[in-house]
Amino acid sequence: MSTQLEYQVEPAFSHLSSSDWDALKPRLEAARSETLADVELLTSGAAIPPAKQPLDSGFIMLPANLLAEQEKSGAASLLGEMKATAEKRSAVDRFVVLGIGALTWVCGPCLKHSATHITMSSSRAARGDIPRLYFGGNNIDNDDTAGLLEVLKSASNYADLANRWGMTVISKSGGTLETAVAFRLFRDVLEECYGASSKEVTELVVPITGETGKLRDLSNATGYPAIFPIPDGVGGRFSVFTAVGLFPAAVMGIDIDALLQGAADMTERFRTAPIGENPVLDYTGICHLLEEKKGLSTRILSTWGSRLEAFGLWYDQLLAESIGKEEKGALPVTVVNTRDLHSRGQQHQEGVRDKLITNVIVKESSTSPVAVPKVAADRDQDQLNRLNGKAMPELLDAAIKGTNKAYAEVNRPTADLVFPKLDAYTIGQALQLFMLATVVEGRLIGINPYGQPGVEAYKQNMGEILYGK
């Protein structure tokens with residue numbers, strides 16, 4: 001089976017005229033060229049024109065560059081250092097990730113394919129010696145924060161592995177209030193648990209931050225032995241292949257080399273493959289034309305199965321923050337099917353005709369198929385004996401085909417993003433596909449996909465309310 005992620009444009013493509021598609025091709029090519037030229041501009045040392053600021057194109061070649069550095073320097077490379085630090089996870093049984101927005105959700109796509117047994121199993125052995133994972137610092141929720149703090153400080157003996165915990169804090173500037181407040185709270189509890197002067201209060205904290213800023217200053221002053229960088233030229237929501245995503249993924253036992261290789265291979269496909277064989281350009285083109293010509297300004301990412309919900313939520317932020325500017329930009333919405341067919345399916349099939357549905361489908365299950373068992377006839381009141389032997393992947397396939405058929409019958413456009421299987425290599429491809437497609441679309445419609453002026457306004461207003469200036 002092919003390991004390449006595929007974007008299948010039908011039947012969405014049938015809603016467009018060949019002349020519209022042909023007219024778009026030169027513009028797509030130009031957007032690709034500009035996106036790649038931005039990489040050269042960022043690294044050239046030349047002055048960046050005002051229209052290009054901010055320019056965060058460093059994510060594009062980052063996966064290939066990290067792998068090349070590792071091949072050259074081995075354990076002394078950034079990847080080698082992250083792996084060595086992550087291997088110390090055996091010292092804790094609970095691992096807290098503090099960060100907001102994409103700075104936390106980027107971890108989700110890496111982990112979601114195996115997160116059930118990682119986070120829910122009560123047996124350390126059953127989890128493959130991997131800690132339980134918790135998220136914090138991504139919201140202002142008193143009860144949620146208090147509950148997690150109580151879980152962490154409820155033990156009496158922190159020499160016992162089952163009670164030990166550590167954390168990573170993720171913020172490029174250190175100025176995001178939600179994360180900064182959480183970090184102070186969790187540092188305080190860490191000192192309460194281990195003792196203010198203990199070595200654990202520094203050894204069990206891994207900051208991930210920019211080369212300058214409040215969190216970098218705090219980390220240097222505290223003397224944390226491991227601090228990983230978020231490089232300049234890589235924006236927060238494009239930072240999945242920095243330590244932001246890679247270090248938590250490594251802690252969870254994810255193959256980060258495969259993750260990066262998938263991303264590097266997708267970049268090469270984007271750079272060299274023609275339209276029609278290029279998932280980045282094909283996805284961008286279909287979405288753009290259906291919005292421009294058919295008014296489909298809502299993009300439904302329909303994930304079939306719950307394991308990719310975090311991936312969809314990450315993409316929601318990526319697209320909304322990057323393209324939602326200057327009174328432009330499609331509205332991204334993630335749904336999980338078949339669950340959400342019972343809440344949103346009616347609207348998608350018979351509601352306003354403003355939606356493009358992209359199905360995210362995993363062809364091969366990660367676990368052995370679970371089949372419907374046969375019971376005695378006098379217990380078959382649910383009449384499921386007729387499904388005897390049919391496994392859940394077969395039921396899901398029928399649901400996908402049945403839903404697509406229903407949409408097609410009422411002229412609702414759909415396309416499919418097909419994962420051959422859910423592993424680190426494929427997830428790496430998908431993450432890079434969506435980041436590249438988002439940038440290409442921004443260049444296509446004349447919007448800088450980097451930066452987040454709307455978010456900065458809320459931060460400034462919040463600060464004025466809290467600090468009185």
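Biologist: In a crossing of which hand does α1 pass α13?

Modeller: Helices (H or I, at least four residues) and strands (E, at least two) are DSSP runs, numbered from the N terminus. A crossing is left-handed if the near helix is turned anticlockwise from the far one by less than a right angle, and right-handed if clockwise. Where α1 passes α13, the crossing is right-handed.

Biologist: What kind of model is this, and what pLDDT do side-chain atom pairs need?

Modeller: Residues are numbered from 1 along each chain as its sequence is written, and side-chain values use heavy atoms, with hydrogens and water left out. The model is predicted, local features need pLDDT of at least 70, totals for chains, interfaces and linings use all residues, and side-chain atom pairs count only at pLDDT 80 or more.

Biologist: Which is α1 to α13, oblique or roughly parallel?

Modeller: Axes are lines fitted to C-alpha atoms, for helices over the stretch in contact, with angles from 0 to 180 degrees between N-to-C directions. Under 35 degrees counts as roughly parallel, over 145 as roughly antiparallel, 65 to 115 as roughly perpendicular and the rest as oblique. The axes of α1 (residues 18-44) and α13 (residues 279-294) come within 10 Å and cross at roughly 125°. That angle makes α1, relative to α13, oblique.

Biologist: How many charged residues does the contact of α1 with α13 have?

Modeller: Contact means heavy atoms within 4.5 Å, and the residues making it include Asp20, Arg27 and Arg32 of α1 and Asp282, Glu292 and Lys293 of α13. Asp, Glu, Lys and Arg count as charged, Ala, Val, Leu, Ile, Met, Phe, Trp, Tyr, Cys and Pro as nonpolar, and the others, Gly among them, as polar. Besides 6 nonpolar and 3 polar residues, the charged ones in this contact number 6.

Biologist: How are α7 and α8 set to each other, roughly parallel or roughly antiparallel?

Modeller: The axes of α7 (residues 142-153) and α8 come within 10 Å and cross at roughly 20°. The two helices are therefore roughly parallel.

Biologist: What volume does the largest pocket have?

Modeller: On a 1 Å grid over the protein atoms alone, a pocket is an open set with protein on both sides within 12 Å along at least five of seven lines, a cavity is a set of points where a 1.4 Å probe fits but cannot get out, and lining residues have an atom within 4 Å of a point. Grid points are joined across faces, edges and corners, and a volume is the space filled by probe spheres set on the points. For the largest pocket this gives about 1,100 Å³.

Biologist: Which residues lining the largest pocket are closest to its centre?

Modeller: The lining divides into 18 nonpolar, 13 polar and 10 charged residues. Of its 41 residues, those closest to the centre are Ser171, Ser173, Gly175, Thr176 and Lys459.

Biologist: Which elements give two or more residues to the lining of the largest cavity?

Modeller: The search finds 3 cavities of 30 Å³ or more, and the largest holds about 50 Å³. Its lining includes Ile300, Asn337 and His348. Two or more residues each come from β7 (298-304), β8 (331-337) and α15 (345-350).

Biologist: What is omega for the cis peptide bond that joins glutamate 10 and proline 11?

Modeller: Proline 11 sits in the loop between β1 (6-8) and α1. The cis bond from glutamate 10 to proline 11 has an omega of about 0°.
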